[in-house]
Amino acid sequence: MTSAAEATRMPQGVVTAAPQAVTVRKRRTPRRLAGRIAVLAALVVATFVFVYPFVWLLSASFKPRGEVFDNRLIPRTFTLQNYVEVWQVAPMATWLVNTVIVTTLAAVTVTFSSALVAWGFAYFRFPGRGPLFGLVLATMMLPGAVTMVPTYLIWKELGLVGGLTPLWGGNLFGSAFYIFLLRQFFLGLPRELFEAARLDGAGNWTIFARIAAPLCKPALILTLLFEIQAAWTDLMRPLIYLQDSSTFTVPRGLKAMLDQFGFGGEWHWEIVVTASVITTIPMIILFFLGQRHFVQGIATTGSKG
Amino acid sequence: MAATTTTAPAGVEAPRRRRSSVSSRDARHAWWFIAPWIVGFLVFTAWPMIYSAYLSLTDYDVISDPRFVGFDNYRELFADPKVALALRNTLIYTVMAVPAHILLALGLALLLDRAARSAGFFRTAFFLPKMTPPVAIGVLLLLLFNGQRGAINTMLGWFGIDGPAWTTDPDWVKPGLVMIGLWTVGSTVIILLAALRNVPTDLYDAARVDGAGFWHRTRAVTLPMISGPLFFVVVVNTIAALQLFTEAYTAFFGSGNTTYSNDAALFYAIYLFQQAFEYLHMGYASALAWLLFLVIMAITAVQMLVSRRVVYYEGDAR
């Protein structure tokens, strides 16, 4: 895997894959070998710890009610009953559809609007650009709690509380973090390209939509992926805005199921466990689809700090 | 970054030509591109902040009109034992969670940096939990940390340790939350690993020639060289810890959970949420929000001040 990290390492004069660099660093003394084995062993143990909860959860979802807590990683009695029941005891299918709708709208709108704004800040020169962009960065630091109540009141005023719109509507106006991220990518594109296009008679929109945006595809995909994850996993906004169970997203539904079937309720943990698996699986798939983007994107986030 | 170098020369090269031909038209077009953010900023940031400041001086239950009460909410806030409790819980959690998170992430990143070829596989394994919806993490907390039959206590039992009632004993609720939180160190590991790989190898070689061992190299070379990203993840994780909500709310609060909701898990964001959306005390909740805002700003400012002394920015040296 060629990561951003490895790419940035090259200018320092060390090519990661170059054999001569390796031979300088690694003499095959017994002590060095022991060190390598110790590192590998520690990593294997850590991996076990990190993967264990997934395996536990997945295997518990195939166990009958009485065996959920037996902590066996391979079910003694294997059953698919939970996956049949989970759709019957709760409107799981509706929740999934709601979540897909919200997630799609949230990700598409925020990517489009943030790209527009990022391009505005990256390409154009206009009075007040610096301070205005400073303001964008400042909003990134603002804790969501401060605007939570008035934002709720806005959606209430618009008569949209109880529906799905408040969960994604704010994304129409871009999001500071993505604007920042995309602007960095846009700034990395050679300006001559756009000057040439301008001489060929291309307008501002054409330059953005036909030239800049396609060249920024990796960053746009990253924005989509980040927002899909954020929208899919959000619990707080569904808690605030959704009242009727038929409008729930999957995380909100999972919370409702936990309340109904968990310790405070009927102790049907096998249902809760199965619903948890269904809530989580799409995110795992998303990660494997966009693994490279996720890893590179997060690595660059840190280097901007 | 390369970004800054591309803009600067372009601006220096031909300022006059641009200003005369396209600049004024450009400036007008720019606003069309930025318009979405400006509208969003006014409607969803600026106005809410002003309105929230006003609401914090009122009694407002959404049904009847806001009633101006001056600074009553702020007075009440300092007298409310639940606010003190929530603040204390939140600070205790943050003080436990952030150092643990950073140390574990740093340890894993250092291991991954030494693993060279197999790093990709392990990195994936460490990152995967970060994809788990926080609500599912709350569920996992209740299951794995269950006092009687949870997997954690079963494993502790193998070593003859009688594990505590993580999810019901008030003394162990926060350590449990910290531990399940450590499961999601993945993104911090990735950031620190990228930073480690940016450390020029010749620095290590020089240190090695000087006879510095692994620990000495880590302290004298690695930590100063990655102090920028390290500071970044400390700040980000502190802000996140101060706003902890979903995992704790899922596990310890909610309609069916009243018997299990307990004071040890009453974090600030949860109390704020309850006041606003369960009791509909919108005015009081707004005052709570502003206090949280001030606390976060103060802590971040202190961290910034400390960082000026501690953080080494590579750019300075070049």
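This is a predicted model: local features need pLDDT of at least 70, side-chain atom pairs count only at pLDDT 80 or more; totals for chains, interfaces and linings use all residues.
A residue counts as buried if 20 or more other C-beta atoms lie within 10 Å of its own, as exposed if 12 or fewer do, and as partly exposed in between. B:Val295 has 16 other C-beta atoms within 10 Å, so B:Val295 is partly exposed.

You will find B:Val295 in helix α15 of chain B, which covers residues 282-310.

Chain A has 16 helices and zero strands, while chain B comes to 16 helices and two strands. In chain A, 42% of the 305 residues count as buried; in chain B, the figure is 40% of 318 residues.

Of the contacts in chain A between residues at least 6 apart in sequence, 71% join residues at least 24 apart. For chain B, residues 24 or more positions apart account for 69% of the contacts with a separation of 6 or more.

## The nonpolar core

The largest nonpolar core holds 160 residues, and B:Leu192, B:Phe267 and B:Leu272 have the most contacts inside it. Helix α5 of chain A (residues 92-123) supplies the largest share of this core, with 14 residues.

B:Phe267 deserves a look of its own. Setting aside its neighbours within four places in sequence, B:Phe267 is in contact with B:Ala86, B:Asn89, B:Thr90 and B:Tyr93, and also with B:Leu244, B:Phe245 and B:Ala248.

## Where the chains meet

The contact between the chains takes 90 residues from chain B and 85 residues from chain A. On the side of chain B that touches chain A, helix α2 of chain B (residues 15-55) gives the most, with 20 residues. That side of chain B divides into 60 nonpolar, 25 polar and five charged residues.

## Around helix α7 of chain B

Which residues of helix α7 (residues 151-158) of chain B are buried? They are B:Ala151, B:Ile152 and B:Asn153. What covers these buried residues includes α3 (30-60) of chain A together with α6 (134-144) of chain B. Just after α7(B) comes B:Gly160, which takes a positive phi of about 75°.

Notes
Residues are numbered from 1 along each chain as its sequence is written. Chains are lettered from A and ligands numbered from 1 in the order in which they are written. A nonpolar core is a set of buried Ala, Val, Leu, Ile, Met, Phe, Trp, Tyr and Cys residues joined through C-beta atoms within 7 Å. Helices (H or I, at least four residues) and strands (E, at least two) are DSSP runs, numbered from the N terminus. Two residues are in contact if their C-beta atoms, placed from the backbone, lie within 7 Å. Ala, Val, Leu, Ile, Met, Phe, Trp, Tyr, Cys and Pro count as nonpolar, Asp, Glu, Lys and Arg as charged, and the others, Gly among them, as polar.
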